[in-house]
Amino acid sequence: MGNLIDDLLQFSKTERQEMRQAGLDMNQLLNESIDQIKQDNQGWKIDWVISKLPNVYGYPSMLKLVWLNLLSNAVKFTVKIKRASIGINSYIEEGEIVLLVRDNGVGFSMKY
């Protein structure tokens, strides 16, 4: 519950900032997010498998929040894995950039 409240507070701060789109180096934004995740999970053995990501145009603060949420989920659901692996890559589909985060965590049945 505490994490949810912290996330909502962070989102409210982000929402109050002026929203300006900008060209972004997703590799830099991802690395900043991973550094923050590593600080919060020191001692955790995670193999990070990261492909070079394209530059995009978007809202820096919102995209950073998205990375932090996706990576936090990946870390959280690999808690029972002896050697966690989190992969990040991208591809183009129908002219759109798709960014993908995969992990070897517990997951869920695709029928749900």
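A: Helices (H or I, at least four residues) and strands (E, at least two) are DSSP runs, numbered from the N terminus. The chain has three helices and five strands. Their order from the N terminus is α-β-α-β-β-α-β-β. The part to look at is helix 3, residues 60-76, with the loop that joins it to strand 4.

First, the ground rules. This is a predicted model, in which local features need pLDDT of at least 70 and side-chain atom pairs count only at pLDDT 80 or more, while totals for chains, interfaces and linings use all residues. Residues are numbered from 1 along each chain as its sequence is written, and side-chain values use heavy atoms, with hydrogens and water left out.

Now confidence. The chain averages a pLDDT (the predictor's confidence in each residue, from 0 to 100) of 84. At least 70 is reached by 81% of the residues. Confidence is highest in strand 4 (residues 84-93), with a mean of 95. It is lowest in helix 1 (residues 2-16), with a mean of 61. Where pLDDT is low, predicted coordinates should not be read in detail.

Start at Lys-64, in helix 3. In sequence, Leu-29 is 35 residues from Lys-64, yet their C-alpha atoms are 6.4 Å apart. Beyond its neighbours within four places in sequence, Lys-64 is in contact (heavy atoms within 4.5 Å) with Leu-29, Glu-32, Ser-33 and Gln-36.

Leu-68 is also in helix 3. Leu-68 counts as buried because its relative accessibility is 15%; the buried class is under 20% relative accessible area, exposed is over 50%, and partly exposed is in between (1.4 Å probe, protein chains only). Leu-68 touches Ser-33, Gln-36 and Ile-37, leaving out residues up to four places away. Its C-alpha lies 5.7 Å from that of Ser-33, 35 residues away along the chain.

Next comes Thr-78, in the loop between helix 3 and strand 4. Its relative accessibility is 0%, so Thr-78 is buried. Across the 112 residues of the chain, 22% are buried.

The Thr-78 side chain points to two backbone oxygens. That of Val-75 is 2.9 Å away. That of Ala-74 lies 3.2 Å from a polar side-chain atom of Thr-78. Beyond four places in sequence, Thr-78 touches Trp-44, Ala-84, Asp-103, Asn-104 and Gly-105. For the chain, among contacts between residues at least 6 apart in sequence, 74% join residues at least 24 apart.

Helix 3 and strand 5 (96-103) are the elements that give two or more residues to its lining. A pocket here is an open set of points on a 1 Å grid over the protein atoms alone, where a 1.4 Å probe fits, with protein on both sides within 12 Å along at least five of seven lines; lining residues have an atom within 4 Å of a point.

The lining includes Leu-70, Asn-73, Ala-74 and Phe-77. Val-101, Arg-102 and Asp-103 are also among the lining residues, as are Val-106, Gly-107 and Phe-108.

Note on methods. Polar contact = N/O pair within 3.5 Å; in protein donor to acceptor, adjacent residues only side chain to side chain.
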